[in-house]
Amino acid sequence: MKNLPLDSQLFVKNRARFVAKMQPQSIAIINSNDELPTNGDALHKFKQNSDLYWLTGIDQEDTMVVLFPDNPDPKYREVLVLVRPNELKEKWDGHRLRKEEAFAISGIATVVWLDSLDALLQQWINDASNIYLNSNENNRKASLVPVRDYRYAQEMKLRYPLHNYLRAAVIFKELRAVKTAEEVKVMQEAVDITEKAFRRILKFIKPGVWEHEIHAEIVHEFLRNRSAGEAYGSIIASGDRARTLHYVSNNQECKDGELILMDFGAEYGGYNADLTRTVPVNGKFTDRQRQVYNACLHLHNYAKSILRPGITIAKYHEMVGEEAGKEFVKLGLLTEADIKNQDPESPAYRKYLYHGISHHLGVDVHDLGPSMHNPIPEGAVMTVEPGIYIEEEKMGIRIENNIWLTASGNVDLFKNIPITAEEIEALMK
């Protein structure tokens, strides 16, 4: 990673929170992600397992963490497992962590090499009654690839068939939804870098530039500020392409009179930002563009006003949808009759706003959290991102900030980033 060192207490605290949720006489074993091949002898850029990173801060392949709070030997109550450094491999692939370096990052005092784990693990397993293993229980998961977590679970059940196996994912889903102050501090760094990129491109955008050129300016600003890079594939969508929610081709010219929707965020220290702004290519909104933009901003501010700990995402989306219907009548997109006669299962507003308004944000851009019908916990960091997409006008507008929900009220991590039409126009002059 390119970021400055993080305080290891962030990860010490995360492990303490996890261990407090474990049943007595239990051991938890969490694996890193696989290194995935592209073609020939090439590999995709390594991306760490988010749960392992959340517990340790270690961003290296072939890593494990073992948590056994009731281990009779106190030295082995938390253990970090690393691949043994190999001098020849390092000549090709670079430095691998030494034990003292791993301790500085994670705060874990006991570090063992992967090739010595089996003998130790057998003794620890025999002293435990329950084994927590990990799986991907993100509700948006779509891949059927048998990744390391699933292969490891099969191996463990063959080796130790009579133990009681438990789902670590249940604990991660509860805890990762609630951000500590230490986590939010790192997220604010990602947000601040994202702000710098946004201010940079406002001075760069003009008729005739290409989407990929804007994309390049964003990535340049990320990297020069120690970001690891993009939190996700940036969306730079001018004109009618803004209606495609996951448009990532970024290969068209930005033309006079168009709007450009830009959805991007920096990753810093393993945590992510997620910003969307829609601006006029020529620096000046038309009357109609301003009208629709202000309607979207109204929905954005309304959503922030009702997003509080204890509300469910399902209820929250329902309330924002009702407000969207009112705004769409004002815009001339719907009629009062459309609202009155709508199918409750497919509300009329969905023609112009066809995605969710918020998702959890953290180590993953679509971070873990409770289901749609369970209360959002205090401490969650959520996006707020209503949009308006009008096919007949070839227009798409979305406005997105990141909000930390606290007992004393919402904290808008993007509060310093221009959001009104007037602010955007002033900066684009």
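Q: Leaving aside its neighbours within four places in sequence, which residues is Lys179 in contact with?
A: Val184, Met187, Leu361, Gly362, Asp367, Gly379, Val381 and Trp404. Contact here means heavy atoms within 4.5 Å. Before we go on: this is a predicted model, where local features need pLDDT of at least 70, side-chain atom pairs count only at pLDDT 80 or more, and totals for chains, interfaces and linings use all residues. Residues are numbered from 1 along each chain as its sequence is written, and side-chain values use heavy atoms, with hydrogens and water left out.

Q: Okay. Is Lys179 buried or exposed?
A: Buried, at a relative accessible area of 4%. The cut-offs are under 20% for buried and over 50% for exposed, with partly exposed in between (1.4 Å probe, protein chains only).

Q: And where is Lys179 found?
A: In the loop between α7 and α8 (181–202). Helices are DSSP runs of H or I with at least four residues, strands are E runs of at least two, and both are numbered from the N terminus.

Q: What does the side chain of Lys179 have a polar contact with?
A: The side chain of Asp367, at 2.7 Å. A polar atom of the Lys179 side chain also lies 2.6 Å from the backbone oxygen of Arg176. A polar contact is a pair of N or O atoms within 3.5 Å; within protein, one must be able to donate a hydrogen and the other to accept it, and residues adjacent in sequence count only if both atoms are side-chain atoms.

Q: What does Asp367 form with Arg176?
A: A salt bridge, with the closest N and O atoms 2.5 Å apart. That term means a side-chain nitrogen of Lys or Arg within 4 Å of a carboxyl oxygen of Asp or Glu.

Q: Switching to domains: what does the assignment give?
A: Domain 1 (8–176) and domain 2 (181–428), with bounds from an automatic or database domain assignment. Their centres, taken over C-alpha atoms, are 35 Å apart. Each domain is represented in the contact: 16 residues from domain 1 and 16 residues from domain 2.

Q: How much area do they bury between them?
A: About 1,400 Å², with 47% of it on carbon and sulfur atoms. Buried area is the accessible area (1.4 Å probe) that two parts lose on being put together, summed over both. In domain 1, Leu10, Arg140 and Arg176 lose the most to domain 2, together 37% of what that side buries.

Q: How many salt bridges are there between the domains?
A: There are 5. The count of residue pairs in polar contact, both at pLDDT 80 or more, is 7. On the domain 1 side, the elements giving two or more residues are α1 (9–21), α2 (50–56) and α7 (168–176).

Q: New topic, strands. Why is β3 (residues 78–82) largely enclosed?
A: Because 4 of its 5 residues are buried. β3 pairs with β2 (residues 64–67) in the antiparallel sense over 4 bridges, and 4 bridges also join β3 to β4 (residues 110–113), this time parallel. Pairing requires DSSP to find at least two bridges between the strands.

Q: Which residues cover the faces of β2?
A: Met64 and Val66 are on one side, Val65 and Leu67 on the other, and all are buried.
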